[in-house]
Each structure stands twice: as structure tokens, then as C-alpha cells.
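User: Got a model here I'd like to go through. Can you take some quick questions on it?

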Amino acid sequence: MLLSQLLHVHGIDSVVLERKTKDYVLGRIRAGVLEQVFVDLMAQAGVADRLHAEGFEHNGTLIAYEDDSFRVDFRAQTGTPVVVYGQTEVTRDLYAAREAAGGNLIFNTEDVAIHGAETDAPYVTFTVDGQEQRIDADFVAGCDGFHGISRQTIPLNIRREYEKIYPFGWLGILSETPPVHHELIYASSARGFALCSMRNENLSRYYIQCSLSDSPEDWTDAAFWTELKRRIPAQFADSLVTGPSVEKSIAPLRSFVTEPMRWGRLFLCGDAAHIVPPTGAKGLNTAASDVHYLLNALRDYYENGSDQGIDAYSQNALARIWKAERFSWWFTSLLHRFPYQSEFDLKMQRAEIDFLRSNDAAQKAMAENYVGLPY
Ligand code: PHB
């Protein structure tokens with residue numbers, strides 16, 4: 001949606017195919033921390049008014065361990081805050097803008113297939129309302145997520161995949177309660193990781209590391225709150241306002257990258273090409289970084305008749321993606337309990353947290369990655 005809106009702003013037509021309905025997409029809860037470069041892209045796309053009005057700038061975050069915590073000051077370290085604004089709201093704003101501009105969005109598409117990606121005349125076929133349709137295009141942007149068909153369209157002898165599966169999940173709840181703290185709290189505890197996040201003054205998002213064999217129904221709201229309180233410092237546990245959950249779900253954690261991100265006239269963007277574990281909230285932000293490189297590549301093609309940007313897309317996008325992968329993997333490894341962790345492993349984790357607490361250069365490195373590396 002962001003790519004489509006940006007292309008529109010730069011006079012390039014696109015058609016968006018969506019497998020689900022609009023209501024389904026707008027009903028999903030996703031992370032809510034935006035890098036400044038993402039906010040800038042939304043402004044370039046002309047869709048940042050509500051984001052500017054309703055988003056919350058966060059100048060730092062708390063890292064908690066056992067009963068202690070310290071703050072990493074993003075603003076002091078990097079000059080930049082992050083913005084808390086739900087991904088679902090980003091999508092809502094983009095739908096509104098595309099619809100207002102008469103954008104071509106086709107929902108409920110089935111049996112999508114990409115043809116001729118390695119030729120100069122690619123086309124996409126799909127079914128909607130039982131009718132087979134075909135769209136001929138100059139380029140195809142595969143923004144269809146980890147389970148989409150775009151990545152699978154690239155032949156196996158060309159594609160290389162890198163993957164790490166983490167042996168735990170995140171159980172998340174959304175509750176109409178005031179956040180326990182005005183900034184996020186990333187907490188490491190002997191019972192596992194916990195995260196206190198938010199959407200606004202009366203909407204909180206909390207997560208706890210859970211077993212992959214758990215299902216949301218195993219966790220009553222009361223059990224969730226009890227476990228969360230055990231994993232955060234007492235000062236926060238004591239002031240935590242609990243209430244009924246309005247959403248509860250479990251997400252597995254995975255690091256994944258596929259190379260290359262371009263095959264002929266097909267470009268992979270976002271989850272179609274890479275996945276990060278949610279620690280650090282890089283999922284949407286890495287998708288936006290791909291959009292930035294692809295937009296520039298396509299503008300170079302249409303405005304200057306040059307293939308240079310297109311040829312460099314995969315390399316440029318991947319250079320930044322791998323750094324976000326490294327950060328998300330590091331932040332996940334720092335704060336979670338892993339099965340089979342030895343006493344030595346635990347000491348290493350603790351030493352790393354102590355180093356981060358006491359070392360300005362370490363905090364600067366963490367902050368630079370958290371607020372988003374430059375494009
Ligand atoms: C969220 O608010 O959903 C959230 C925030 C930070 C993360 C992950 C998720 O690292």
C-alpha cells in the first residue's frame with residue numbers, strides 16, 4: 001500500500017492485489033513502533049497528517065532485568081525519537097489515501113500467479129468472484145508476505161534462504177487500560193522475556209515469552225497478568241492496571257532472509273523476502289526500507305530511463321536488511337530465556353546487559369539501530 005501510494009505521488013500507476021478483505025486486514029493487530037525514516041516516507045506519500053497528530057514520539061526505552069531497570073535515551077544518543085502509532089492505523093491511512101485518489105485495489109483475489117518475470121513483459125493472473133483475470137505490467141512488486149507466492153516464483157537454483165527459528169513464541173494481549181509506563185519496557189527475567197508497550201493513553205499492548213506449544217486459550221487474562229507482573233520490576237508490577245483483554249494471540253519468532261530480492265522484473269518487498277523476530281519492532285520498518293529502495297529504482301527507470309536502480313535493488317535493500325536482522329537477533333538473544341542455556345550462557349547475557357547499562361558507546365549503537373539506520 002505504501003509503495004502504491006508513493007508511486008502514485010510520483011506519477012506511476014499500480015494495481016494492488018490483496019488476498020483478504022479490507023476488514024480482515026484492518027482487524028489485525030501488528031507492532032506499533034515507527035522509525036523516523038518510515039514517518040518521512042509516509043510524509044512523502046502525503047499520508048502523515050493523522051500520524052503526526054496522533055502518533056506519540058518516544059525519546060527512549062527502558063531495559064529491565066530482575067528488579068532493576070535503566071533507560072536508553074534515543075534522542076540524546078541519536079537526535080531522533082521513534083513514533084508509536086499502530087501499523088493497523090498506517091494501513092487504514094493508506095487505504096483512505098489510495099481510495100480517495102481512485103487507486104486500483106482488488107480484494108479477495110485467489111490463485112494469484114506471476115508469469116514471465118524473467119522477460120520484459122511480465123503479467124499476473126488471478127481469480128476474483130470466480131472470474132479469471134490478467135494484468136500485464138512493466139514490473140511486479142511481490143509484497144505478499146512470508147506465505148505469498150512471489151518468493152516461490154523465483155526458481156530454487158537462483159534463490160538462497162537463511163533461517164533461524166527461535167524455540168519460543170510471544171503471547172500478546174491488547175487491553176483498554178493505561179500503559180504501565182510512558183515509554184516501552186523490554187524486560188529480561190528468570191521466567192522469560194516480557195514487553196510493556198502501548199497504542200495510546202488508554203490502550204496497552206503487553207507480551208510475554210511463551211512456549212511454542214501454548215495456545216492463546218491456555219492463557220486466561222488473570223494468568224497472563226500474573227505472569228507479566230512476575231517478569232517486570234516490582235515498581236511497575238505494583239502500579240500495573242489490568243483489565244479484560246480485547247485481543248490475545250501467539251506469534252512464533254523467526255529470522256529469515258532470502259537472496260536475491262529481485263528476479264528479472266519481479267522484486268520482493270517486506271515479509272516476502274525477510275522476517276525478523278519482533279524484539280525491536282523492525283518488521284514493518286524493514287518492509288518500508290525495501291519500499292524506499294524500490295521506489296527510487298522505479299523512479300530512476302521511468303524518469304531517467306536508467307536500469308541502474310533496478311539492477312542495484314537487491315544489493316541495496318539487503319545491505320540494510322541484514323543489519324536489521326542482526327539487531328533483531330541480538331536484541332532477542334539478549335533478553336529471552338532459551339532452553340538448554342548453561343550457567344555460562346546466563347552469565348554472558350547478564351554481562352552484556354551490564355555492559356549496555358554502563359557503556360555509552362554500547363547505548364549509542366543500540367539506539368542507532370532501534371531508531372533505524374539511515375537508508
Ligand atoms: C508493539 O507495540 O506491538 C511492539 C512494540 C515493540 C516491539 C514489538 C511490538 O519490539
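User: Which residues in α3 meet which in α10?
Analyst: F38, L41 and Q44 in α3 meet L284, N285, A288, H292, L295 and R299 in α10. Contact means heavy atoms within 4.5 Å. Helices are DSSP runs of H or I, at least four residues, and strands are runs of E, at least two, numbered from the N terminus. This is a predicted model: local features need pLDDT of at least 70, side-chain atom pairs count only at pLDDT 80 or more, and totals for chains, interfaces and linings use all residues. Residues are numbered from 1 along each chain as its sequence is written, and side-chain values use heavy atoms, with hydrogens and water left out.

User: At what angle do the axes of α3 and α10 cross?
Analyst: Roughly 45 degrees, with the axes of α3 (36-44) and α10 (283-304) coming within 10 Å. Axes are lines fitted to C-alpha atoms, for helices over the stretch in contact, and angles run from 0 to 180 degrees between N-to-C directions.

User: Switching to strands. In what order do the three in the open sheet come?
Analyst: β8-β9-β10, with antiparallel pairing. Two strands pair if DSSP finds at least two bridges between them.

User: Which strands stand at the edges?
Analyst: β8 (110-115) and β10 (131-136). Each has a single partner strand, so one side of each lacks a neighbour in the sheet.

User: How many bridges join β8 to β9?
Analyst: Four. The bridge partner of A113 is T125 in β9.
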